Amino acid sequence: MHEAAADPLEAVFSFVGEACKKVTFHVPSTLEADKIIGRANGKFLPAVSLKECLSSADGIVPSDPDFRVLDDGSVYPTRAVVLSDEKRSFTIQLSDSKMQTQKEITVILEQEKKVLKKRHTKETVLRRAKRRWAPIPCSMQENSLGPFPLFLQQVQSDAAQNYTVFYSISGRGADQEPLNWFFIEKDTGNLYCTRPVDREEYEVFDLIAYASTADGYSADLPLPLPIKIEDENDNYPLFTESIYNFEVPESSRLGTVVGTVCATDKDEPDTMHTRLKYSILEQIPPSPGLFAVHPDTGVITTVSHYMDREVVDKYKLIMKVQDMNGQFFGLISTSTCIITVQDSNDNAPTFRQNAYETAVEENTYNVEILRIPVDDKDMVNSANWKANFTILKGNENGWFKITTDPATNEGVLCVVKRLA
């Protein structure tokens with residue numbers, strides 16, 4: 001341990017007065033490991049009086065393992081220590097084996113109060129060319145639940161080491177609309193937010209921080225202080241249309257593009273919050289499955305050649321879009337896609353009878369003598385449905401003519417020359 005003092009006067013283990021019962025050290029709020037308390041700042045320490053109290057002790061044991069005490073009265077922390085309160089205390093157990101005595105000394109660590117001088121009006125504040133404030137930018141989560149006011153960070157000017165400095169901020173969110181969403185404590189430089197923020201409304205607040213002395217002198221250059229609002233996945237992806245209408249020919253080949261659905265998301269671009277995936281939830285009628293959608297582009301294509309307009313002329317697709325790259329916890333929206341199957345001329349007209357018989361009086365002409373109905377499954381009144389009649393045989397002398405009734409689609413047979 002420690003050797004006893006050689007001086008016989010110091011061998012007297014005295015605890016007379018308050019000096020050897022309680023000792024106070026004025027220290028900064030942060031103590032560096034293995035650095036004698038207060039010595040770095042050149043402050044006066046009660047080490048001499050403490051040394052007198054320890055002079056005859058051959059056993060010196062502090063109750064706090066974060067600190068050690070030397071026999072010369074010096075106290076130092078064994079690790080970096082931050083004083084969360086204004087005061088922290090521990091005891092020093094002293095023992096004297098010769099005198100068989102034991103005593104305790106209470107050590108109080110009290111945060112020193114910085115006494116700063118007021119800058120004289122004519123005094124020039126020195127600025128280092130590369131002076132930086134600290135810290136620089138920060139961010140906050142959108143839709144924060146607080147509690148408010150919410151502490152964001154502390155800004156500090158180097159000039160505060162020598163002068164009493166007051167802090168202020170300006171910019172949108174402070175003294176510009178929206179007003180008073182952010183404020184800074186003028187004495188501490190602590191920056192706060194007063195309410196939740198929606199990133200889709202405000203992505204960043206470009207604040208400017210200032211440090212000035214009591215007489216209004218700028219103690220440091222203005223500091224750009226952007227407050228970035230971090231995105232939360234709080235917006236559903238939305239289709240650009242609630243109902244999409246597309247058309248596709250019934251005779252389309254596989255892979256024919258039917259149309260494209262598209263969705264948007266107000267969350268931050270180039271993040272998982274806006275990485276969208278498309279899919280088909282349901283096809284009505286369901287069978288057979290005729291369509292597919294590209295998960296990334298939203299392009300709908302045909303995957304079957306079994307479309308028959310004469311069986312089903314419209315299909316309804318329930319489309320889904322999901323963010324978070326389609327993962328199960330992503331947000332979902334839906335839309336409806338109506339696909340109309342366009343007619344193709346894939347049905348031949350058919351006569352209702354194999355043979356027809358009619359009569360006409362002789363020497364009569366320019367009269368209708370027969371109507372010939374036909375059936376065509378293609379779309380009524382479309383070009384594919386309208387019949388075109390031709391007399392293939394038996395009209396070599398041009399006695400007859402056949403036309404199409406546009407209303408009924410019947411063939412109308414007429415005599416155009418006298419028959420004898």
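Student: Which residue stands opposite serine 139?
Tutor: Strands of a sheet pair through backbone hydrogen bonds, either parallel or antiparallel. In this predicted model, serine 139 stands opposite lysine 228 in S15. Strands (E, at least two residues) are DSSP runs, numbered from the N terminus. Residues are numbered from 1 along each chain as its sequence is written, side-chain values use heavy atoms, and hydrogens and water are left out. Local features need pLDDT of at least 70, side-chain atom pairs count only at pLDDT 80 or more, and totals for chains, interfaces and linings use all residues.

Student: In which sense do S9 and S15 pair?
Tutor: Two strands pair if DSSP finds at least two bridges between them. S9 and S15 (residues 223-230) run in the parallel sense, over four bridges.

Student: What is the strand order in the open sheet?
Tutor: The order is S9-S15-S14-S11, four strands with mixed pairing. S9 (138-141) and S11 (165-170) are at the edges; each has a single partner strand, so one side of each lacks a neighbour in the sheet.

Student: Which residues have the most contacts inside the largest nonpolar core?
Tutor: Such a core is a set of buried Ala, Val, Leu, Ile, Met, Phe, Trp, Tyr and Cys residues joined through side-chain atoms within 4.5 Å. Buried means under 20% relative accessible area, with a 1.4 Å probe and protein chains only; exposed is over 50%, and partly exposed is in between. Here the largest core has 28 residues, and Met140, Leu152, Phe182, Phe205 and Ile227 have the most contacts inside it. Among the elements giving two or more residues to this core are S9, S14 (204-213) and S15. A second, separate core has 22 residues, including Val258 and Leu276.

Student: How many aromatic pairs are there in the whole structure?
Tutor: A pair of aromatic rings is described by the distance of the centres and the angle of the planes. Rings of Phe, Tyr and Trp (its six-membered ring) pair if their centres lie within 6.5 Å; planes under 30 degrees apart are stacked, over 60 edge-to-face, the rest tilted. The search finds 13 pairs. Phenylalanine 67 and phenylalanine 90 have centres 5.0 Å apart and planes at 10 degrees, so this pair is stacked. Tyrosine 202 and phenylalanine 205 are tilted, at 5.2 Å and 35 degrees.

Student: Is phenylalanine 205 buried or exposed?
Tutor: Phenylalanine 205 is buried, with a relative accessible area of 0%. The charged end of arginine 172 sits over its ring, 5.6 Å from the centre. That takes CZ of Arg or NZ of Lys within 6 Å of the ring centre and within 35 degrees of the ring normal.
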